[in-house]
Amino acid sequence: MPIIEKSVNIAAPIEAVFDFHTDTKNLGLISPPWMKSELIRETGEGLRKIIEMKVMQYNVFPSHWIVRIEEYDRPVRLADLVLSGPMKYFKHTRTFSQPCASLTELKDHLEYEVPFGIIGKLADKISIHKMMEQMFEYRHKMTKEILEERFYIKEVPVGSVGSI
């Protein structure tokens, strides 16, 4: 079974990084331009929450996803499992930790299995695995940019300390 693991350090509070990933509205903000996602509905909150969405890749390949939150341990662990979608199996786990007081480390662990037997495995080797890695690189880049801008504390200019 193919596995993808990626991590990124984000200068934002651990709770904020976790909460950002539980808000489905943010999926559109961090999805690459070649992958559009549209939320259809969500039911429940936290553990066992169900998310239904439509995903369009390259403006050509539509797919329908039903996802269930399988693990929800705020602010350290979040995992979802695709119940229905284009993959035979798809589980995405995120772990959050604080290597130091000013940083949160986000680790993504994705396990998936493509359909269509040997043809699917060949497609995975040729393009799917690479596309998934690029998607997570883009998501990390955008998550870091959005959250660090939101939580950035500007330095006080040296000459202005006396006027504070």
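The questions below ask why features of this predicted model carry the labels they do.

User: What makes Lys 25 and Asp 23 a salt bridge?

Analyst: Their side chains meet at 4.0 Å, N to O. The cut-off is within 4 Å, from a side-chain nitrogen of Lys or Arg to a carboxyl oxygen of Asp or Glu. The pair therefore counts as a salt bridge. The structure holds 13 salt bridges.

User: Why is Lys 25 called exposed, and Asp 23 partly exposed?

Analyst: Lys 25 has a relative accessible area of 67%. Asp 23 stands at 30%. Buried needs under 20% and exposed needs over 50%, so Asp 23 is partly exposed.

User: How do you know that Lys 91 and Glu 71 form a salt bridge?

Analyst: The N to O distance is 3.5 Å. That value is within 4 Å, so the pair qualifies. Lys 91 lies in strand 6 (residues 89–100) and Glu 71 in strand 4 (residues 61–73), so the bridge ties together parts that are 20 residues apart in sequence.

User: Are Lys 91 and Glu 71 buried or partly exposed, and why?

Analyst: Lys 91 has 22% relative accessibility. Glu 71 has 23%. Buried means under 20%, so neither Lys 91 nor Glu 71 is buried; both count as partly exposed.

User: What makes Lys 88 and Glu 113 a salt bridge, and where do they sit?

Analyst: Their side chains meet at 3.7 Å, N to O. Lys 88 is in the loop between strand 5 (77–84) and strand 6. Glu 113 is in strand 7 (residues 103–113), and the two are 25 residues apart. At 59%, Lys 88 is over the 50% mark and so counts as exposed. Glu 113, with 27%, is partly exposed.

User: Why are strand 2 and strand 3 said to pair?

Analyst: Pairing needs at least two bridges, and these strands have eight, so they pair. Their sense is antiparallel. Ser 37 stands opposite Val 55 in strand 3. The strands form a hairpin with six residues between them. Gly 44 in the turn has a positive phi of about 85 degrees.

Conventions. Residues numbered from 1 in each chain as written. Predicted model: local features only at pLDDT ≥ 70, side-chain atom pairs only at ≥ 80, totals over all residues. Heavy atoms only, no water. Buried < 20%, exposed > 50% of the residue type's maximum accessible area, 1.4 Å probe, protein only. Helix = DSSP H or I, 4+ residues; strand = E, 2+ residues; numbered from the N terminus.
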